[in-house]
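Hi everyone, thanks for coming. Let me put the structure up, and then we'll walk through a couple of places in it together.

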Amino acid sequence: MTNTLTTNPLMSVRTLVNADLLDPATGRRQRGAVLIRDGLIADVVRGAAPASPEGADVIDCQGALVAPGVVDMRAFLGEPGAEYRETLKTASRAAAAGGITTLVSTPETSPPVDSAATVDFIRRRARDNAIVHVAPAAALTRGLEGLELAEYGLLLEAGAVAFTDGMRSIANARVMQRAMAYARNFDALVMHHTEDADLTGDGVATPGELASRMGLTAAPREAETIMLERDLRLVRMTGGRYHAAMITHAQSVELIRQAKDEGLPVTCGVSINHLALNEHDISGYRTFFKLRPPLRPEEDRLALLEALEDGVIDVIVSDHNPQDVEAKRLPFGEAAAGAIGLETLLPVALRLANAGSVSLARVLDALTTRPAGLLGLPCGRLAKGAAADLIVADTDRAWIYEREAIRSRSKNTPFEGGRMEGRVLRTLVSGVDAHVAD
Amino acid sequence: MSASPSLPAFPHRHLLGIEGLTAAELTTLLDMADEAVAVSRQVEKKRATLRGRTQINLFFEPSTRTQSSFEIAGKRLGADVMNMSVASSSVKKGETLIDTAMTLNAMRPDIIVVRHAQAGAVQLLSQKVACSVVNAGDGAHEHPTQALLDALTIRRNKGRIEGLIVAVCGDILHSRVARSNILALQCLGARVRCVAPTTLLPPAIERFGVEAHTDMKSGLKDADIIMMLRLQRERMSGSFIPSSKEYFRYWGLDEEKLAFARPDALVMHPGPMNRGVEISSEVADGGRSLIREQVEMGVAVRMAVLEAVAQHLPDY
């Protein structure tokens, strides 16, 4: 990934001293300092702070956590075509405030990101408007229609980092098989949404007592496992690198675990929403909790947390999906699905870690090192030579996420008024401050 | 509070569903409805409880019987009743439910009676208006006045509800009538069974505390009341069941299947009926059918509900 952000020459040497360094790549946690030069980590010094180079900008972290910035593999950023929901500018500000230093944009824009020109457009718009890195994911199939392969080679050259049809699953197994086989030519990562659209139908809730009592149409969890099982068989056939974008069901965890045990090149993600919330949150027909896939029963949530700790689940994503007021001020069945999540991804993950649901090192690994590794990005590590995409965070600080403070253009958060534990004090992108807390 | 001292207390401003009501509250409404039946059978049917009040029947789904039942109920209580069928008006032009609610609210109605195709829509609307809201059916969620009129019909014919076996049969999955009836009848002490083909039973239905049956013979055994549900036409041809012919053969109520129930079992249907699909004409028009009485009870129950919620209207 090329750094498209301009570096202030006067600020080109900085040191973060008195830091609680946590490198998720190794799990090592130690007091020390980070030396930044020209947007890269020039050195990581453990133990006593070294003498800062002359003219360096010294930041005293006062013992706060310093870790790599978050790489969010799944965010809808609005451009082009849905600027009323989100823009690269507003999304990047929200991201920076939430400790995200790289956003992977989904290709479900208008027009969809299925040509090198659109990838280029996004990168240029991001260079001029975004304060964090934006790495476009491009379409798996032309027009996201699930029929013809997109130009993976040309799209990669233009700067795409992975291939996905966003929230759409490729129903045709032959198309999917060819997409996975063809992606191998470029060692490209195929990120697939695993949902049998026919089985889901117009379902908006998980089948069970709650959905039945509320009179909501149910979307079986088997829609996910059926598609996932098919895909895993295609991985065995083709050998391509495959990433299940967002699993939500305990049985999906078992399928992924088995595939990994077999040695297949398979990884998967989970949304922070499915880790932190469960189906009961939709009670009262609260449309801000209407998500796709829908929120699941508590036993699924617990299984997902366990799988995250085990490493069966590789990454956590925000699944940032801004929706304007009108799309949510509707009866539950008619309201748009989705939630914003850039500002809350890390704080909610830290809350889970603080509650002991999952370890801090694993949470940070799933938010930084693992996604950066899957996408081949030069960030996500506290190591010499890595991009100086860093966060300084107080992992325990309690605060309340107020609607007035939301930076995203859309305000559809399921965590409004929620107590957070863990706050980003400073976000550095290529060594430059993208966010500094008040 | 404008509660006239003669009215029994009902602590809710809206009636959004049966869920959350106590047995005592349900019984209060049924007792009030019994009185309304007496009033409705007189030559002079008018009361003045709602005189000067404005009632709007806001129907986002077409309905003949529920809407006219609410209209007559409101008029018998002295309210000015306005019917608004939104299926054909501004909502088609893109106005949202909430916009419609706020517009109507500005006209200062006292009671809005709402039917909408989406579960939860009536609750959503109730949060945006200052008046009382009565749910006349929201998606597959609830239809509380139907459950009340069914309970009233049962109580008047059987003398009680407690201990009765009630078999609710047919398209439970899509039925708000079934949900409200399950809640109301269980709350009042009945044992409820759900009888339906597997594709029309909601997931985890047994978690409602009902017995689920897929076979009419076992489902109707010893039943005191058989409550048939309407099967929507669009669900008859292959999507949930193969055909209306097959449906009638296995789940339609005819004399033969009626014989599985108790000899004194009574038959109900919320209407409108599909004769020859879920019920045969002989049964629908037979001596054990309560179907026409249900319609009469509908007006009485709606009078009771309107009076009950109107106790909470301010007197300005």
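So, how much area is buried between chain A and chain B? About 1600 Å², and carbon and sulfur atoms give 57% of that. Please keep in mind that this is a predicted model. The predictor gives the complex an ipTM of 0.91 and a pTM of 0.93, and chain B averages a pLDDT of 93.

Let's stay at the interface for a moment. Here 18 residues of chain A are in contact with 20 residues of chain B. Three residues of chain A, namely S212(A), R213(A) and R329(A), supply 38% of the area that chain A buries against chain B, more than any other three. On chain A's side, helix α6(A), residues 209-214, brings the largest share, with four residues.

Now come with me into chain B, to strand β8(B), residues 225-228. Which way do its side chains point? I225(B) and M227(B) go one way, I226(B) and M228(B) go the other, and all of them are buried. In a regular strand, side chains alternate between the two faces of the sheet.

And who are the neighbours of this strand? Strand β5(B) runs parallel to β8(B), joined by four bridges, and V166(B) has I225(B) as its bridge partner. Strand β9(B) also pairs with β8(B) in the parallel sense, over three bridges, and there I225(B) stands opposite L266(B).

Note on methods: Residues are numbered from 1 along each chain as its sequence is written. Chains are lettered from A and ligands numbered from 1 in the order in which they are written. This is a predicted model: local features need pLDDT of at least 70, side-chain atom pairs count only at pLDDT 80 or more; totals for chains, interfaces and linings use all residues. Side-chain values use heavy atoms; hydrogens and water are left out. pLDDT is the predictor's confidence in each residue, from 0 to 100. Buried means under 20% relative accessible area, exposed over 50%, partly exposed in between (1.4 Å probe, protein chains only). Helices (H or I, at least four residues) and strands (E, at least two) are DSSP runs, numbered from the N terminus. Two strands pair if DSSP finds at least two bridges between them. Contact means heavy atoms within 4.5 Å. Buried area is the accessible area (1.4 Å probe) that two parts lose on being put together, summed over both.
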